[in-house]
Amino acid sequence: MSATGIRRRMCLAAVILLLSTFVGATAAATAPADDTAQLFARADAIKMLDNASYVALMEQLELRATTLSDADKWHLRYLEAWQTAYLGQNDKATVMLEAIAKQATNDNLREKARATLMNILGLGHRYEEAFAYMDQALDDLPNVNVSQTRQQVLGEAAQLLIEAGQYDLAINYADQLLLIPDAKQYSCIGMRIKLGAEFLEGPHTNELLSRLESAADACVADHNILSADSLRLYIAALKIEQDRSNEAIALLQSSYAGMLKLQYQDQASQYDLLLAEAYWKQNNVAQAEKYAVTTVDLASKGHFAEPLSRAYQLLYQIARQKGDLRDALMYHEKYMSADNTHLDDTREKALAYQVVKQQVDAKKIELDTLNKQNKILQLQQALDHKDMETSHLYIALLLTILASIAFWLYRLKRSQLRFMRMARHDGLTNIFNRQHFVEEADPALRQAAKSMRCASLVLIDLDHFKSINDNHGHIVGDHVLKRVVHVCQRYLNSNDIFGRLGGEEFGILLLECTAEDAIERAEQIRRAIYAASSDENPDIPVSASLGIASTAHHGHDLRRLLVAADEALYRAKRDGRNRVVINISGYNGAGFNTTGTDERKATDHTSKTRPGSEPFNYATDK
């Protein structure tokens, strides 16, 4: 990820450090360069203001590495880890910061490392680890007396909890940040976090709008433009809800140029999305479409699922109003895909929070158990002085207590295992969910690449599934999904990887399978799906379109295979559905071709000789 991307997602930490060190940066600018302590102070102060100067200071400190004290060496490691994360090398930075969080002798430095880990682990969708570090940081926070570090930890924790939907807890930590005695200059950031959580939790009242406007004015007065822009987003959203679109547009347009200068793409995508929605409410279709397209461009590059989903939904409505049904269908499919991605990510955050909470509760129970065991040992010593009958009574009581503890620990363990299974499997079909499918497929493809073995990726999408839900209800739709999974599993080998990628779309990674074999197996699956629906319930025909990508043509990179198979699937949909198409366009970047000597052409043989006969399409010609 680029430095811009890191700055975008590390917005909260960046602003806190920026405000906390701005005065220090000015004062330290004239500090003598030969003073090690002042070099550290300057590096801490300017790392978010002037990265080039920060790197130069780092080089000076590294030249003195052999003469530094142990505490200063750990401080230097933290600054190096911060720069590594700034450059987008998140995995490397995570290893460096984890070592600091576990081994550094300074409580303040360990807390700063944990706060930074919360941010970059959340960026990498490693939510369970992020919440684990949050729990550690909050437990050790009373031992830290450096106000800036306390504010950083509380701010990161509040932001992470907002993303997990724990708004009350986020507001609580924002209030704690504001109560720190010398936090006056941080009031803008604290209020932004608190009001943001209240906005997301609801309800949206005029009183909340008034507080948002006051906070935005205060941020402008404090020259905290980034926080002011974030608050303006909430204000504009509220005004659009209240049919005050003119005011929302005026507010957003007045700060649009200044917002772009900050170069935070996620905030820019939110600005464009709200402008599109406001213009749409005014029936200004041209402007609405312009800003919606801009939102899609920014959100796609930055992988911002929520604005991307809403922008596609608006473009779908615009295309439908224009009567452009082809574009409307395309935008609706993209909206459904983006919305599923956003919902999956939201569920993943919430589940990670619950898993970590369960683990913390388990640790507390274990500690309570140890305390009870110590008390029980004391009771056993006292029982030695009593008669045998009384001793038997206390022993029975002891066994009862231990049995109760064991029972509760057993139930807790079962609960943890159930949460782990929920995190990896689709709740309806009991096969891998999208995240776990990717986690299993990636190493399998790397192993196949090492052993020079071929593999093929098959994407399956049910045709006209929405009409089944609309006409027969979601219960029938769920039954159809389960039946399709059952049919597919009959044609899978033990080492194949099968998962539900979202909605009615499934993915199968066929290991040790050539392109030709993949075509044959995909055709078997397509026929079986159609035949099963015809036999079980002829009134609800079910068919599927299948797209194939082989490592022989696209290499062993999962992302490239997904893109190629998705292109083939799109071709199958476009050519009439209920067919198998393979993409063998290769590495030349030419995209999907339907002509040429290195290509399989999809041919449609639709039988009409008897009622209920199925369409057949097989990619066979070179």
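A salt bridge here is a side-chain nitrogen of Lys or Arg lying within 4 Å of a carboxyl oxygen of Asp or Glu. Welcome to a predicted model, in which local features need pLDDT of at least 70, side-chain atom pairs count only at pLDDT 80 or more, and totals for chains, interfaces and linings use all residues. Residues are numbered from 1 along each chain as its sequence is written, and side-chain values use heavy atoms, with hydrogens and water left out.

**View 1. Glu213, Lys239, Arg244 and Glu247 are joined in a salt-bridge network.** Within this view, Glu247 pairs with Lys239, their closest N and O atoms being 3.3 Å apart. Lys239 is buried, at 10% relative accessibility. Glu247 is partly exposed, with a relative accessible area of 35%. For these words, buried means under 20% relative accessible area, exposed over 50%, and partly exposed in between (1.4 Å probe, protein chains only). A search of the whole structure finds 26 salt bridges.

**View 2. Lys322 and Glu289 meet in a salt bridge, at 2.6 Å from N to O.** Lys322 belongs to helix H18 (residues 305–322) and Glu289 to helix H17 (residues 285–302), so this pair ties together parts that are 33 residues apart in sequence. Helices (H or I, at least four residues) are DSSP runs, numbered from the N terminus. Glu289 counts as partly exposed, at 26% relative accessibility.

View 3. Side chains of opposite charge can pair when their charged atoms come close.

**View 4. Leu379, Tyr394, Leu397 and Ile401 make a nonpolar surface patch of about 330 Å².** Patches are made of residues with over 30% relative accessible area and no salt bridge; like charges are joined within 9 Å, and nonpolar side chains (Val, Leu, Ile, Met, Phe, Trp, Tyr) within 5 Å. Accessible areas come from the Shrake-Rupley method with a 1.4 Å probe, and for residues only the protein chains shown count as cover. Helix H20 (residues 388–424) gives the largest share of this patch, three residues. Leu397 lies in helix H20 and is partly exposed, at 46% relative accessible area.

**View 5. Val563 sits in helix H26 (residues 558–574).** With 41% relative accessibility, Val563 is partly exposed. Between the C-alpha atoms of Val563 and Asn583 there are 9.9 Å, while the two residues are 20 apart along the chain.

How values were computed
Helix = DSSP H or I, 4+ residues; strand = E, 2+ residues; numbered from the N terminus.
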